[in-house]
Amino acid sequence: MAHQESTPKGGLRSDRWFGPDDLRSFGHRSRMMQLGFSEDEFRGKPIIGILNTWSEINSCHSHFRERAQDVKRGVTMAGGLGVEMPALSVDESFTKPTSMLYRNMLAMETEEMIRSHPFDGVVLMGGCDKTTPGLVMGALTAGIPMIYLPAGPMLRGHYAGKILGSGSDAWKYWDERRAGNITDEEWLGIQGGIARSAGTCMTMGTASTMTAITDAMGLTLPGASSIPAVDSGHQRMSSDCGRRIVEMVREDLTPDKIVTRAAVQNAAITAMATGCSANAVVHLIAMARRAGVDFSLDDLDALGRSTPLIANVRPAGKDYLMEDFFYAGGLRALMKQLEERLHTDCMTVTGKTLGENLQGAQVYNDDVIRPLSNPVYHEGSLALLRGNLCPDGAVIKPAACDPKYYQHEGPAVVFDSYPEMKAWVDDESAEVTPDTVMVLRNAGPQGGPGMPEWGMLPIPKALIKQGHRDLLRISDARMSGTSYGACVLHVAPESYVGGPLALLRTGDIVRLDLPNRTLDMLVPDDEIERRRAAWTPPEPRFQRGYGWMFSKHVMQADKGCDFDYLQASFGAAAAEPDI
Ligand code: FES
Ligand code: MG
């Protein structure tokens with residue numbers, strides 16, 4: 001694994017800043033005193049960076065200002081010094097075109113801020129979708145002891161006696177509103193009730209999936225990912241993170257001892273059993289690769305086929321939300337069900353093995369966390385497809401789609417842009433049947449750019465009015481973890497770089513065969529070759545700036561969409577600063 005040397009045998013990393021009797025260190029010590037710290041508060045003490053993705057426009061992290069104080073309390077109690085540092089607050093709700101454009105920016109920031117500052121260990125505060133992989137990817141490369149503090153899910157949504165789930169119910173009620181079944185007053189009530197406390201989306205969307213993955217990998221305190229954001233247990237967990245990171249520094253418990261191939265497999269198995277967001281595929285692969293673990297779509301598919309979905313949490317599950325999941329025992333209880341399939345000897349941030357952390361975990365409601373003998377769905381949450389439309393893979397969530405589409409053949413209607421597609425779905429005279437296969441392209445990592453969450457293409461109005469709520473849809477985009485439906489996502493290579501999706505035409509027949517994991521266009525090979533020869537690449541979307549750099553360096557979905565030059569294998573790790 002390529003990472004920097006962590007706490008040196010001879011002492012604390014921060015001693016390189018504060019220890020020497022030279023002019024440079026005099027400057028560092030002087031500036032700590034300018035911050036109001038006495039020498040005995042920082043010299044020879046573990047300095048803990050608290051990387052906080054709080055911002056006033058990140059609704060999921062609005063409690064993080066106070067939580068940073070809880071972390072500091074814990075750090076101080078354990079004899080360290082906690083210093084808070086802002087990190088890019090990549091929020092899911094407001095960022096256009098997609099927060100995914102900035103995951104790698106956060107990862108770079110995290111890596112560089114850790115590398116360049118006098119930290120002996122870090123607490124990473126994140127939770128809203130891309131913040132988890134962004135922070136973890138950067139910290140894995142930086143390589144010093146780290147612990148992840150998940151924001152925790154928000155409370156259940158609520159309106160007029162109905163429980164509301166983040167995302168999922170927004171899509172559902174929006175379709176009802178388009179069908180003319182919801183008044184303005186009801187719509188306003190839903191708007192105010194669907195997100196009513198601090199915390200991340202409380203369905204098993206990308207946020208809950210990614211924090212569960214990080215928990216299962218051994219990077220959070222056991223079960224931390226399930227604690228609701230506004231539960232006082234969340235404050236105690238935050239303080240515990242502070243205490244524990246100081247001990248981790250003293251134990252030199254670096255992430256390379258935690259994030260092994262076995263730990264990544266544990267994370268993947270757990271994700272499959274939770275009904276995870278399709279986004280997990282991209283992020284888990286990216287995180288694993290940062291740790292030097294080669295983890296592929298095929299690994300995921302194999303685990304998906306053999307792991308039943310046992311968390312009855314929406315959108316893949318039917319009835320419950322994250323708050324119910326916590327009361328039912330949370331992630332530790334879910335992992336306890338899976339114990340025989342997990343590598344329980346993996347090391348975790350507690351300094352104990354996963355198996356030790358799971359001791360005593362119990363399920364308190366076996367309708368929410370099902371036994372393996374009574375799963376929500378007999379296989380895992382995600383399936384990998386290959387075929388002449390997606391030679392490097394595509395992803396679908398079988399449990400979230402109408403089974404009538406598991407084996408399907410139908411004519412494609414192809415759109416090159418989101419506005420073009422949107423105009424068509426709103427046109428009530430559009431020619432469409434339940435067999436139609438909607439296709440959106442130029443929405444991949446480079447084409448989007450940033451692979452926006454457009455993959456749950458809206459059902460055409462004409463079909464909605466006839467009572468249809470699902471349709472086979474295909475794109476090189478992602479979809480929100482709270483989305484559902486027969487949506488094939490992450491088609492690789494993407495159309496923008498000339499992947500076969502670019503060669504599909506309206507009227508071509510597309511065949512999905514989920515049991516056999518294939519996705520093909522029924523177009524003769526010689527015709528495909530003719531189209532390929534005639535294809536010309538689209539204009540680049542960005543001529544300058546971050547977007548230009550993003551498009552030049554982002555890798556395809558099956559590789560995790562990291563930048564090529566940030567991969568562990570790209571070059572030797574940067575040396576620790578010595579001046
Ligand atoms: Fe932040 Fe869903 S918008 S987790
Ligand atoms: Mg999301």
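Predicted model: local features only at pLDDT ≥ 70, side-chain atom pairs only at ≥ 80, totals over all residues.
Residues are numbered from 1 along each chain as its sequence is written, while chains are lettered from A and ligands numbered from 1 in the order in which they are written.

Helices (H or I, at least four residues) and strands (E, at least two) are DSSP runs, numbered from the N terminus. The unreviewed UniProt entry also gives "domain: Dihydroxy-acid/6-phosphogluconate dehydratase C-terminal" for residues 367-561; this span is 17% helix and 17% strand, and its end C-alpha atoms lie 36 Å apart.

Consider next an open sheet of four strands, arranged in the order 2-1-3-4 with parallel pairing, where two strands pair if DSSP finds at least two bridges between them. Strand 2 (81-86) and strand 4 stand at the edges with a single partner strand each, so one side of each is left without a neighbour in the sheet. Neighbouring strands of this sheet are turned by 20° against each other on average, direction ignored, the axes being lines fitted to C-alpha atoms (for helices over the stretch in contact) and angles running from 0 to 180 degrees between N-to-C directions.

Within the sheet, strand 1 (residues 47-52) pairs with strand 3 in the parallel sense over five bridges, and Leu-51 stands opposite Leu-124 in strand 3. Strand 3 (residues 121-126) also pairs with strand 4 in the parallel sense over five bridges, and here Val-123 stands opposite Ile-147 in strand 4. Strand 3, helix 6 (residues 131-142) and strand 4 together make a right-handed β-α-β unit, meaning that, with the strands pointing away from the viewer, the path from the first strand over the helix to the second runs clockwise.

How enclosed is strand 4 by the rest of the structure? Five of the five residues of this strand (residues 146-150) are buried, so strand 4 is largely enclosed; a residue is buried if 20 or more other C-beta atoms lie within 10 Å of its own, exposed if 12 or fewer, and partly exposed in between, with C-beta atoms placed from the backbone.

The peptide bond from Lys-96 to Pro-97 is cis, with omega near -5°, and Pro-97 is found in the loop between strand 2 and helix 5 (103-116). A cis peptide bond also runs from Gly-448 to Pro-449, with omega near -10°, and Pro-449 is found in the loop between strand 10 (437-440) and helix 18 (461-465).

Met-451 has its place in the loop between strand 10 and helix 18, and its phi is near 55°, a positive value in a residue other than glycine. Met-451 counts as buried because it has 29 C-beta neighbours inside 10 Å. His-490, in the loop between strand 12 (487-488) and strand 13 (509-513), has a positive phi of about 60° although it is not a glycine; His-490 is buried, with 31 other C-beta atoms within 10 Å.

Key: UniProt positions renumbered as here; feature names shortened; annotations may be inferred.
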